[in-house]
Amino acid sequence: MTEHRSTAVRTIPIIDVPDDELARETAQAGLSFTVSEARKVADLLGRDPTVVEANIFNTMWSEHCSYKSSRAVLGEHLPTEGDDVVLGPGEDAGVVRLGEVDGESYCVVIAHESHNHPSQVVPNEGAATGIGGIVRDVYCMGADVIGVMDPLRFGDPAGEHAERTREIIHGVVEGIWQYGNALGVPNLGGDVYFDPCFDDNCLVNVVALGLVREDRVIRSRIPEEARGKVYDVILVGKPTDPSGFGGATFASRILDEEKAFDDKYAVQVPDPFLKRMLAVATQEVLQFALDRGIPIGFKDLGAGGIACATSELGAAAGLGVSLDLSSVHVAEEGMLPEVIACSETQERYSFVVPREISAEVCSIFNERFELPEICHGSKAVVIGKVIDEPRFVLTHEGRVVCDASTEQITTGIAYDRPARPRDRSVRPVRIPPDLDLGDALLAVLGSPNVSSREHVFRHYDSEVKGSTAVRPGEADAGVLAPIPGSQLGVAVSCDGIPRYGAVDAYEAGARAVAESVRNVAAVGAVPIALTDCLNFGNPEVPEVFHDFVEAVRGVGDAARGIGLKDADGPVPIVSGNVSFYNQSSTGNAIHPSPIVCCVGRLDDVSKVVTQGLKRPGDALYVVGVRGAALGGSALLEAIPEMTGDGAFSRTDFDAERRMYHAVTDVIGEGLAVACHDISDGGLVTAAAEMILSRPEMTGLGVVLDAASLKSTPGEWSEIAALFNEAGGYLIEVEPEREEQLVEVLTARGVWFARVGETTAGDTMVVRNVGASLTTIQGDAMRHAWFHGARDAMTGRTGEDGR
């Protein structure tokens, strides 16, 4: 296949080159291949690759694109199918049925990704382009984007690298709000955690939700109807520039602080206003095709740029594409073909349409929406065509610069990594005998990992589009009513506590699922789907890979064990991402950090409940046995005098399932006026958060009876019962509805207790065992709660309550 190539086509010598020389040559060429991978490319091609081919394989075989270390593990452990799953993993986003309105089936589209390395190096642009990329994934399924979320992990803001950490925090939050607000998509929440393990590798995970009618879902593949017909490939958006070239491989290697300046050029440049216009124009193109019954393919350009998007479009259908890189609109003259093929310039899409409508599709973008006038150099242009043979053929200036199998490019490599358990010794937790309950609560409330995240979410527009029913900070999940005229609602929550990963990777995965399910259940929603973003260090380290396998196993076991409500089958995982190499050149790796997002359905959004207390004189019920384990707890982190690591009990999937069934029954029957899940900081912290969640209601407090938490005879610790983080719920109920509440909880077979009542006093009072009282003033709780994370992130303190 070499005779038709001009001698001017550059190649990468591999076949006859010794290993040590090959390693040097590929590194000098900017390729991250291992020697064995480079040789496999040459073996598959039967010759030395061209420079363009080498860069395409280098990109597509990166961990970021190929999942070469994780693919088999994910396939073994994660449940991805269900009766309401329309499209699972493998597309740009997952699609799951939400419900019917006026005879039409509506679906939620959800995607979950990471933009960790770019955000560590260039925080603003890295975070902004993370949001940009994830909303493109949802748009490409034919959906309207209805919300985004942002689970974030940062280094220690009071530690050795405090100044750098605060700069990263500021840049990331700024990038998210600048892009998301300008795009006109509500931010529905997320979470934020701090730990020294993230000093060199922050985590910026992003989630996007969309809504689409089921009959209007677009596939991320060339349609089958293109076989034997003439279909064109159209590139839409900004002119291709060198930004983001090498971005996928950058995200698939260990960060090196010495090379941080060079790495900046692997980060893309965002343009949310252009994205917004492209979204509107794209909806018109999709409607144009749907009205005429014309099947098309549609995919965003993210990691790997043109090469990745178009080769995956072809491979998914068993077809090929032939592209002329000289037809691509570029921002700079003289750009090399490998840069044109693999650059990750933002705000670009690829369409595959029948040739007879190509001109009209381009006209919609270029003339009706005046794309070239809105952004200099932007346009829609035909750059190639579909071919029946499953090949990926690229030409540039009349010369063939790539000719390879689409299947080999997209799925040509996989690893079976060695895994070895860590040598972890667990020391029992010791609670100081003189630990004061009030002091302990204030320490936990004021800790950066528990206190209010208002300093973050106040920057975000959570109400744009006018469909938000519950905003960040008001409840455990964000809630939307996205269909005009309908009460059908969507609830969503993201969860994953890094402290758990430091102790037990399996439990970190299992608890992330359990908490995300509890959070949507706490507003009254029934879980219908999960996504996951799995953040880990270097998979080539056996201990890291073992943690990864265990976390995935925990996620899968929890999804199956907790399951769908009143139905057989797991809560399906419909989308996700694996982010490896979150480890610096100094050897500092992050804790295993699986982050799970749960989507829930509300048949009637008017029945949603929030977590803030509503009135004095109501009863408080706890659902879920309060254990004694404090391993990985917020209390252990917040109290320096406490010692030990401590194990924690395994998540009881059967109990979690029965609890969420019971709580959604309670809310559905209108028996709860407030509900909050128990997680970070345990029951007593959850009660304090219910007091503090409605700042305008400063006259409400609670009285708790610690003795009511003792569920079994034998040795028992009041502190452990109040602060342990076993899953559960706190429910506020009007006295006249208590009997009905008890009947519902009893019918579901859950453990529960009447733990206290709401009061008109601005205090928390705990009736200790032995009848003594602990009183914590509302002002003290508010100061700790509203200042903890804010002061940590900004490095300043203030005297005001907010």
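## Exercises on a sheet and a helix pair

H23 and H26 are roughly antiparallel to each other, because angles over 145 degrees count as such. This is a predicted model: local features need pLDDT of at least 70, side-chain atom pairs count only at pLDDT 80 or more, and totals for chains, interfaces and linings use all residues. Residues are numbered from 1 along each chain as its sequence is written, and side-chain values use heavy atoms, with hydrogens and water left out.

**Exercise 1.** Describe how H23 and H26 cross, and find the residues that make the contact.

*Solution.* Start with the elements. Helices (H or I, at least four residues) and strands (E, at least two) are DSSP runs, numbered from the N terminus. Helix H23 covers residues 653-668 and helix H26 residues 738-747. Next, take the axes, which are lines fitted to C-alpha atoms, for helices over the stretch in contact; angles run from 0 to 180 degrees between N-to-C directions. The two axes come within 9 Å and cross at roughly 150 degrees. Then list the contact (heavy atoms within 4.5 Å). H23 supplies Ala662, Asp665 and Val666; H26 supplies Leu741, Val744 and Leu745.

**Exercise 2.** Work out the strand order of the sheet and name its edges.

*Solution.* Two strands pair if DSSP finds at least two bridges between them. The order is E14-E15-E16-E19-E17-E18, an open sheet of 6 strands with mixed pairing. Strand E14 (468-470) and strand E18 (573-579) are the edges. Each has a single partner strand, so one side of each lacks a neighbour in the sheet. From one strand to the next, the twist averages 20 degrees.

**Exercise 3.** Assign a direction to the pairing of E15 with E16.

*Solution.* Strand E15 spans residues 478-480 and strand E16 residues 489-495. They run antiparallel, joined by 3 bridges. For a landmark, take Leu480, which stands opposite Val490 in E16.

Notes
Parallel < 35°, antiparallel > 145°, perpendicular 65-115°, else oblique.
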